[in-house]
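Hi everyone, thanks for making the time. Please have a look at the model on the screen, and then I'll walk you through it.

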Amino acid sequence: VVKKLISGLVATFFTLSAVSASAWTIHADFDQGQIGEKADGGGDGFHGAGGLSTYSDAQKLKNNSARIAIKEGSTGYGTWGGEFRFPEKAYKGETIWFSVHTYMPEEFDHHAYGEGNRLKFLRIQTFSSSGSNHGYNDLYFDQKGSEYPFKWIYEGAPQWVNIGSDSDRPIKERWESYEMAVTLDTVPVSEGGQAKIRIWKNGSLLKEILDKTTLRDEQGYSNRALLFTYWNGGAPKDQHMYVDEVVITNEQPSNTDDNGNHYVGSLIKKRPLMN
């Protein structure tokens with residue numbers, strides 16, 4: 001009885017923690033640094049792992065942007081893209097919205113050619129209550145030639161989900177936006193829990209996933225998000241692209257999509273509907 005009571009109190013504590021968690025928002029606009037300097041180390045840029053990321057005005061959505069780069073053959077960890085560390089840990093029941101705007105030059109190759117042939121893109125890491133890595137909620141660019149432009153997976157319970165259609169593939173020489181919202185739980189919505197994932201491109205909802213878990217440990221947590229950071233199989237050549245206006249938050253945004261779902265929203269106009 002005592003053990004059951006203690007277990008119940010622990011579960012109640014973490015439930016209340018999720019409900020009463022402090023609201024926070026990370027906004028990386030890359031506007032404060034000097035052009036050409038490293039856009040890494042906090043403030044208006046990446047919080048780490050962005051060794052080759054620099055402030056740029058060559059392509060920009062608003063004011064300046066970040067030029068992110070990788071060397072041929074490199075997997076890029078520590079240099080390609082970067083990470084963002086949350087001000088507070090996010091627990092079961094909390095939703096993390098992760099929004100980014102991207103610009104790929106015409107010659108940019110966004111495919112991976114090894115280690116599964118998929119390129120990691122938007123990543124939200126999870127941990128056990130003791131701090132052990134429990135894997136990432138990952139949005140990938142799918143392998144070259146795939147019917148689908150993207151794949152989603154939670155490494156803590158690996159099951160691939162196809163995302164998007166042919167018209168959702170990246171368009172070069174144009175700013176685009178991507179957003180992923182992950183609600184943390186060990187039980188998916190389809191089984192009575194809270195775990196769900198939504199993915200948008202340019203303000204349009206590509207996928208709502210209601211039958212996958214996003215957390216392995218009831219008392220587990222998330223404390224960081226990564227933008228790229230690892231090129232599976234190594235980059236096919238020296239190349240670069242641009243990112244701007246990154247927003248990560250656990251506070252429900254006021255914007256809503258066409259289906260009434262709350263999201264950060266895009267600074268990019270939606271692509272026109274096809275007849």
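Let me begin with a definition: two strands pair if DSSP finds at least two bridges between them. Strands here are DSSP E runs of at least two residues, helices are H or I runs of at least four, and both are numbered from the N terminus. A word on where this comes from: we are looking at a predicted model, where local features need pLDDT of at least 70, side-chain atom pairs count only at pLDDT 80 or more, and totals for chains, interfaces and linings use all residues. Residues are numbered from 1 along each chain as its sequence is written, and side-chain values use heavy atoms, with hydrogens and water left out.

Now the overall picture. The protein chain has 1 helix and 14 strands. How does its radius of gyration fit a compact globule? For 275 residues the globule rule gives a value near 19 Å, and the protein chain has 19 Å, which agrees. That radius is taken over C-alpha atoms, and the rule is 2.2 Å times the number of residues to the power 0.38. Along the principal axes, the C-alpha atoms fill a box of roughly 65 × 45 × 40 Å.

Of the 275 residues, 54% are buried; buried means under 20% relative accessible area, exposed over 50%, and partly exposed in between, with a 1.4 Å probe and protein chains only. Among contacts with a separation of 6 or more, 66% join residues 24 or more positions apart, a contact being heavy atoms within 4.5 Å.

Let's zoom in on the pairing I promised. Strand 10 (residues 175–183) pairs with strand 11 in the antiparallel sense over 6 bridges, and Thr183 stands opposite Lys196 of strand 11. On to strand 12 (residues 204–209), which is antiparallel to strand 11 over 5 bridges. There, Lys201 has Ser204 as its bridge partner. The hairpin of strand 11 and strand 12 has 2 residues between the strands, and Asn202 takes a positive phi near 50° in that hairpin. Strand 11 (residues 196–201) has 5 of its 6 residues buried, so this strand is largely enclosed by the rest of the structure.

Which residues does Ser177 touch beyond four places in sequence? Ser177 sits in strand 10, and its contacts include Val100, Trp200, Lys201 and Asn202. Ser177 is buried, at 4% relative accessible area.

Val100 belongs to strand 5 and is buried, with 0% relative accessibility. Setting aside neighbours within four places, its contacts include Phe121, Ser177, Leu227 and Val246. Val100 and Leu227 are 127 residues apart along the chain, yet their C-alpha atoms are separated by 8.6 Å.

Ala49 has a positive phi of about 60° although it is not a glycine. Ala49 lies in the loop between strand 1 (25–28) and strand 2 (54–56), and is buried at 16% relative accessible area. Asn117 also has a positive phi, near 60°. Its loop runs between strand 5 (95–103) and strand 6 (119–127), and Asn117 is partly exposed, at 28%.
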